[in-house]
Amino acid sequence: MLLCFRVLVIHSRFHSKDTAGFELISGSCPPYFQKYRHPQLDYFVGVLATLVSTEFYSLVLPLLFWHGQTKLARQLTLLMATCIYVGNCVKDVVCAPRPPPPVHRVVSSGTEETSAEEYGLPSSHTINIICFAGYVLHYLNGQLVEPRAFATTAVLFTIVVLLVISGRLYLGMHSPIDVLAGCTIGTVLLLCWCCIDEYLDAYVTSGENVVTFWAAIAILALYAYPTPESPTPSFEYHTAFNGVAFGIVSGVRRTFSHYPSELASELPLAPAHIGLKTALGIVTIFAAKEGSKYLATIFLPFLCSLLETLFGFRFRSTSYVKSMRKGVEDGTKASVEKFGGATKTFCKIDDPMDVDTGIRSVQYATMGWAVVELVPCVFSLFAL
């Protein structure tokens with residue numbers, strides 16, 4: 001069914017020009033929003049797009065952990081990891097291209113340039129902003145928040161969500177059908193998450209065999225990820241957030257009984273104190289990330305060589321380990337299935353495994369663990 005849908009989208013974008021309305025939906029003509037292009041507006045919309053970027057999550061989620069909102073931070077981390085996995089899986093299964101010319105694609109930042117290398121349907125920015133903003137409002141609704149403050153927050157979040165979604169059309173990164181698919185998937189994920197969040201949080205904080213179970217889920221998610229027609233950064237994004245989620249779960253399970261409670265957010269803190277904790281925490285987690293990356297590039301290749309010798313597994317590295325770099329096509333067998341002009345590559349199980357996936361998982365898992373265990377220890381050491 002996904003393959004048929006993919007063929008329909010590709011056909012609509014490149015071959016259907018019968019009516020202006022159908023072209024607008026499929027992305028075959030310039031979106032209405034691009035009629036109002038302006039350099040300052042390009043910059044503003046590009047900045048809005050960073051609200052669902054990896055850099056944004058790397059800053060905001062740790063702040064929630066370190067300043068008292070640990071439950072919200074746990075849920076948002078796991079929810080965003082799920083959104084990225086689902087959205088990127090659908091992208092790499094459908095393999096629908098970004099809107100073609102005459103749509104003008106505006107790349108206003110390095111993040112957008114990388115995002116443009118992914119496939120188009122669905123819009124992952126749309127999925128992520130709906131789930132992020134929607135879950136924050138769901139969480140606040142269950143807290144002792146004044147009705148007027150909650151209403152104001154809901155209005156502001158709604159405006160931001162609409163601006164981010166319309167910004168995907170303005171920047172030419174997605175067609176209306178991409179955004180519609182993103183809205184549908186994001187809404188379904190949000191509703192499902194709001195039904196299971198309390199059960200999931202109870203399991204993560206006080207369940208049995210949590211780390212083992214989550215490790216199995218993380219490994220399964222990596223191996224179950226679909227292979228797209230052409231290489232995209234989607235799998236790297238999933239690997240990073242998958243690792244962070246595992247690190248967070250591991251750290252929370254070990255330190256939950258000792259971690260500051262939600263009441264810590266009510267303690268009066270001077271801006272200088274908050275700034276110092278934030279700066280020290282950011283430096284610590286990135287130092288842990290780079291240190292684990294260095295160690296992983298030493299030990300994982302050795303382990304791979306041992307497995308290759310004993311069991312005949314084959315490994316390669318696309319970037320991290322120079323001695324293991326091989327051409328992507330080297331020793332790779334694939335079959336291509338054609339359907340309606342669309343192609344899909346199915347990799348055989350004897351393809352060499354990429355050790356970079358393991359290295360990337362280790363460094364981001366360390367980063368997640370550092371946020372919830374190492375950084376609080378550093379804070380205690382400096383009496384912060």
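**Salt bridges in a predicted model**

Reader: Is Arg74 buried or exposed?
Author: This model is predicted. The relative accessibility of Arg74 comes to 7%. The cut-off for buried is under 20%. Arg74 therefore counts as buried.

Reader: Which residue forms a salt bridge with Arg74?
Author: The closest N and O atoms of the pair are 2.8 Å apart. A salt bridge needs them within 4 Å. The partner of Arg74 is Asp201.

Reader: How many residues apart are Asp201 and Arg74?
Author: Asp201 and Arg74 form a salt bridge. Asp201 sits in helix α9 and Arg74 in helix α5, so the pair links distant parts of the chain. The separation is 127 residues.

Reader: Is Asp201 buried or exposed?
Author: Its relative accessible area is 7%. Buried means under 20%. Asp201 is therefore buried.

Reader: Which helix holds Lys71, the salt-bridge partner of Glu198?
Author: Glu198 and Lys71 pair up with their closest N and O atoms 3.0 Å apart. Glu198 lies in helix α9, residues 176-206. The bridge ties together parts 127 residues apart in sequence, because Lys71 lies in residues 70-94, helix α5.

Reader: What is the relative accessible area of Glu198?
Author: Lys71 is partly exposed at 22%. Glu198 is partly exposed too. For Glu198 the value is 45%.

Reader: What is the relative accessible area of Lys289?
Author: Lys289 forms a salt bridge with Glu290, the closest N and O atoms being 3.3 Å apart. Glu290 is partly exposed at 41%. Lys289 is buried, at 9%.

Reader: How many salt bridges does the structure hold?
Author: Among them are Glu198 with Lys71 and Asp201 with Arg74. The total for the structure is 5.

Definitions and conventions: Residues are numbered from 1 along each chain as its sequence is written. This is a predicted model: local features need pLDDT of at least 70, side-chain atom pairs count only at pLDDT 80 or more; totals for chains, interfaces and linings use all residues. Side-chain values use heavy atoms; hydrogens and water are left out. A salt bridge is a side-chain nitrogen of Lys or Arg within 4 Å of a carboxyl oxygen of Asp or Glu. Helices (H or I, at least four residues) and strands (E, at least two) are DSSP runs, numbered from the N terminus. Buried means under 20% relative accessible area, exposed over 50%, partly exposed in between (1.4 Å probe, protein chains only).
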